Amino acid sequence: MTHPADSSLSPGLSPTLAPALAMRGITKRYPGVVANDQISLDVRPGEIHALLGENGAGKTTLMNVLYGLARPDEGQILLDGQPVRIEDPADAIARGINMVHQHFMLVPVLSVAENILLGEETMANPIFLDRNEAHRRIVELGRRFGFEIDPDVKVGSLSVGWQQRVEILKALYRRARILVLDEPTAVLTPQETEEIFAVLRRLAQDGHSIVFISHKLYEVLEIADRITVIRRGKVVGERIPTETNEDDLAELMVGREVQLTVDRGISHPAGVVLEVDGLRVKDDRGNEVVRGVDLEVRAGEIFGIAGVAGNGQDELVEAIVGLRRPAGGRVSLGGTDVTGRSPRAMNEAGVAYVPADRHRFGLVLAFPLADNLVLTSYYRRPYSRGILRDDAAILRDAEKTIERFDIRTPSATVKAGTLSGGNQQKAIVAREFGREIQLLVLDQPTRGLDVGSIEFIHRQAIDKRNAGTALLLVSAELDEILEMSDRIGVMYRGTIVAVMDGRTADKNEVGLLMATGGAEHGADATEGRTA
Amino acid sequence: MTPPVATPAGRSAGAFARAAWAAIALPFVAIVMALVVGALIILVSELLVTGRPFQPTLPLTAYQALFVGAFGSFDGLVATFVNAAPLVLGGLSVAIGFKAGLFNIGAQGQFLMGALGSVMAGVAVATWPPFLAIPIAVAAGLLAGAIMGFIPGILKALSGAHEVVTTIMLNYIAVGVLAALVSGPLKVPRSPSPVTYDVGNAAYPIILGRDGHLGILVALAGVAIIWWLLYRTTWGFEIRTVGANPEAARYAGMHPRAVIAFTMTLCGMLAGLAGTGVLLGVSHSMTSSFGTTVGFDSIAVALLARSNPVGIIFAAILFGAMRAGAGLMQIQAQIPVELVDVVQATILLFLVASPVLRALFRLRGVQTELGSTDTITRTYGGEAVR
């Protein structure tokens with residue numbers, strides 16, 4: 001595959017250069033599925049090349065092939081025009097290919113320098129590390145790419161954005177020429193995203209080739225020189241940001257027209273369903289991470305909580321749904337005090353909960369899908385009588401649910417762990433949305449999902465709201481909060497520092513509040529902003 | 001990942017064969033490898049130790065005798081079943097613990113206490129009619145086992161005390177209690193050796209051949225009940241959920257602590273019932289040295305069967321057969337019966353070190369299909385061991 005027209009459009013590239021990386025006709029089959037079907041990808045020196053696709057489209061498989069974690073059944077990899085065979089990740093690293101994973105592979109108790117040296121020790125002699133030389137190179141690399149960092153700082157004390165830079169530094173330290181970033185912005189604030197983009201641009205200018213895996217369309221449009229879209233294991237198109245737009249990309253990616261922003265219409269809030277009063281909650285280590293939160297969610301409205309991950313949102317939500325006993329304060333549901341009630345009591349009171357960590361809380365991966373669909377109702381009719389399970393009823397309803405919520409699965413009896421992330425989340429949504437509820441708590445409901453699934457879940461949530469359910473939405477994705485919420489509360493270090501109207505909220509203002517908590521946050525500011 | 005699209009026809013035969021192989025590949029390879037190791041030990045001991053003329057076919061002779069002893073005659077077969085019966089119940093005890101994410105090393109102690117409970121009650125009702133005496137003796141064994149299971153269960157539920165530690169401790173306590181009672185209050189007065197009275201009418205009736213007692217049926221009923229409990233009831237669903245993902249169990253409104261206490265109690269009852277079977281079916285009275293290694297062998301049985309209730313029948317028959325055939329092996333090949341222990345221990349070693357086997361025999365597909373998400377137990381940190 002050649003695209004003679006493209007090179008002239010990518011600034012700063014010499015068209016005569018061979019691609020730094022070329023993958024040709026890569027095919028990888030797994031039993032019953034072709035994960036990669038004749039995929040070709042060219043990445044030029046100094047190019048930021050976005051790989052766009054839904055979850056399960058084959059992006060990860062392709063990168064595993066590149067990184068030596070999977071052997072392709074067909075096809076060829078060329079580095080600088082030379083065919084190579086990549087045996088394993090060590091081989092890939094030796095050839096200058098490095099990966100920055102979505103979940104950082106860093107040791108929090110070690111320093112920046114120690115983390116960088118792990119696996120690639122710079123030795124003064126066969127026994128001792130050459131720390132001075134390592135420090136010198138780390139500082140120099142950081143300076144060159146615009147982020148100076150103290151090599152002696154413990155990684156655990158760094159913000160997420162800086163931890164990511166450590167990962168990038170680690171790759172650069174290993175003399176990476178081709179850098180693969182897997183969903184690098186998933187955990188960042190808008191400001192941090194801008195900063196990391198600046199770093200990536202510097203890297204590209206310096207001649208590094210970057211493969212940027214993402215499903216966030218606007219980001220891809222902003223950062224990439226070229227975009228390759230994959231769907232169901234095949235390349236379905238190549239685009240240049242200046243010649244495309246979000247709708248075009250979404251359609252390519254999903255294979256049909258997608259409504260990117262849900263038209264949420266006007267809310268008609270009624271009575272207060274959830275009332276939280278001065279709630280204080282401790283985390284597992286005993287630190288008070290929710291420090292007096294007050295909030296109200298009415299029937300028929302979506303209350304969004306914006307905030308950088310780790311500001312107490314998870315603990316707040318767990319206290320509301322009964323998974324965590326509050327240290328103080330009150331939670332009321334429809335006027336009844338339900339503070340400290342058990343998860344089952346809350347469930348029966350009409351509270352549905354889509355947890356942030358679907359593998360930890362939401363699903364039992366080793367169980368069949370059908371069992372997971374009744375995880376919160378298995379003990380009730382029609383799924384059981386007394387202690388006797390009614391497997392026929394469980395299966396029958398599972399099949400109906402699969403149909404109704406369009407969960408893509410070979411059958412109701414496959415293990416939940418074999419489904420894609422999007423389908424796993426659909427299963428949870430199906431379980432939690434598919435019954436009579438008065439309050440729906442959504443914690444990061446679309447994290448790591450593809451646009452198709454996000455659209456689906458958002459539409460389901462809006463439908464619930466319009467049917468008069470109260471929704472509490474927690475998300476680290478500011479765009480999701482802005483798009484979905486009728487009212488927005490910004491959470492910072494365990495308190496809600498501001499509440500504003502969802503229709504008029506300004507992205508930069510919310511982003512700033514998320515990052516700093518506002519200059520003079522406190523009671524005055526909160527009241528001043530209450531919508 | 002896009003869900004695999006498989007045609008209905010393609011799933012049936014080939015997929016079934018693959019699934020079947022995936023389920024038994026690892027235990028099968030472990031057994032074969034253990035037999036190979038046993039053969040090497042026989043050869044080496046022949047060469048270095050016995051000083052007899054070297055017979056390169058001795059391992060074959062030995063294994064043949066072992067097989068004939070266990071399956072070659074009706075009496076041999078019955079002996080195999082009698083030996084397998086307590087292993088079935090003990091295996092279920094360990095397996096149901098695994099299902100709940102618990103490692104019940106205390107099966108031995110629960111086994112001993114079950115036997116002790118049965119002998120105490122059995123002696124007391126020895127002259128009653130059997131239809132009353134047997135249920136009473138069995139109930140006493142179940143109760144004693146249940147107490148031995150409940151203690152570590154409630155300790156774990158209330159304080160998090162790890163069941164591996166507490167059940168090992170309780171094994172020692174069981175041995176001590178048994179010795180004290182049998183040489184004290186339960187001892188036949190003026191008997192020269194510490195031995196209890198006979199259980200008389202409380203003994204299991206013989207239902208098969210010369211030695212085949214009711215315990216064989218009890219064991220099979222145990223398999224059916226435990227399978228039904230695990231897969232057909234909400235209790236079983238809770239046990240399996242707590243084992244597979246305790247956090248999700250809490251989210252689903254279950255009470256993992258209560259489930260843990262309940263499951264350990266059930267473990268104790270099953271292992272106790274194994275002890276009851278040996279006492280009422282075989283020994284009929286108790287000496288202070290009562291105590292086979294059934295409780296420990298049960299761990300191997302459960303691991304070999306990968307906690308599958310039906311698989312436990314086959315694993316227990318294998319181990320039972322080795323016990324039953326060992327005598328003939330000793331007579332015909334002059335190989336000490338302890339070789340059987342070596343083979344059993346080697347099977348366990350290979351199973352525990354299953355990643356080694358997987359790498360050696362390229363059982364790669366097996367690794368995922370075996371359900372790498374099935375939890376065997378949890379470490380001190382609560383991390384799942386799969």
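Author: The count between chain B and chain A is 15 residue pairs in polar contact, with both residues of each pair at pLDDT 80 or more. That confidence value belongs to the description because this is a predicted model. The side of chain B that touches chain A draws at least two residues from each of three helices of chain B: helix 7 (215–232), helix 8 (234–244) and helix 9 (246–251). Helix 8 of chain B gives the largest share of that side, seven residues.

The extent of the interface may be stated in two ways. Counted by residues, 27 of chain B are in contact with 38 of chain A. As for area, the size of an interface is often given as the accessible area lost when the parts come together. Between chain B and chain A the buried area is about 3000 Å², and carbon and sulfur atoms give 61% of it.

Two salt bridges are found across the interface of chain B and chain A. In one salt bridge R232(B) is paired with D391(A), and their closest N and O atoms are 2.8 Å apart. The pair joins two chains, because R232(B) lies in helix 7 of chain B while D391(A) lies in helix 14 (residues 391–404) of chain A.

Over all chains the count comes to 42 salt bridges. One of the salt bridges links E133(A) and R136(A), with 3.2 Å between the closest N and O atoms. Both E133(A) and R136(A) belong to helix 5 (residues 131–144) of chain A, where they are three residues apart, about one turn of the helix. An α-helix has 3.6 residues a turn, so residues three or four places apart point the same way. E133(A) has a relative accessible area of 27% and is therefore partly exposed. R136(A), at 45%, is partly exposed too. Another salt bridge brings together the side chains of R143(A) and E148(A), at 3.9 Å from N to O. E148(A) is exposed, because its relative accessible area is 53%, and the limit for that class is over 50%.

Chain B as a whole forms the next part of the setting. Chain B has 15 helices and four strands. Of the 386 residues in chain B, 51% are buried. Among its contacts between residues at least 6 apart in sequence, 73% join residues at least 24 apart.

Helix 16 of chain A has 16 residues and spans 22 Å from its first C-alpha to its last, close to the 22 Å expected at 1.5 Å a residue. This helix is mostly covered, with 13 of its 16 residues buried. Just after helix 16 of chain A comes G468(A), which takes a positive phi of about 100 degrees.

D443(A) is placed in strand 19 (residues 439–443) of chain A. With a relative accessible area of 1%, D443(A) is buried, because buried means under 20%. Leaving aside residues up to four places away in sequence, D443(A) touches D314(A), V317(A), Y353(A), V354(A), P355(A), A356(A) and V474(A). The other residue, G237(A), belongs to strand 10 (residues 234–239) of chain A. G237(A) is also buried, with a relative accessible area of 11%. Its contacts, not counting residues up to four places away in sequence, are I227(A), T228(A), V229(A) and L252(A). The C-alpha atoms of G237(A) and V254(A) are separated by 12 Å, and these two residues are 17 residues apart along the chain.

Definitions and conventions:
Residues numbered from 1 in each chain as written. Chains lettered and ligands numbered in written order. Predicted model: local features only at pLDDT ≥ 70, side-chain atom pairs only at ≥ 80, totals over all residues. Heavy atoms only, no water. Contact = heavy atoms within 4.5 Å. Buried area = accessible area lost by both parts, 1.4 Å probe. Salt bridge = Lys/Arg side-chain N within 4 Å of Asp/Glu carboxyl O. Polar contact = N/O pair within 3.5 Å; in protein donor to acceptor, adjacent residues only side chain to side chain. Expected span 1.5 Å × (residues − 1). Buried < 20%, exposed > 50% of the residue type's maximum accessible area, 1.4 Å probe, protein only.
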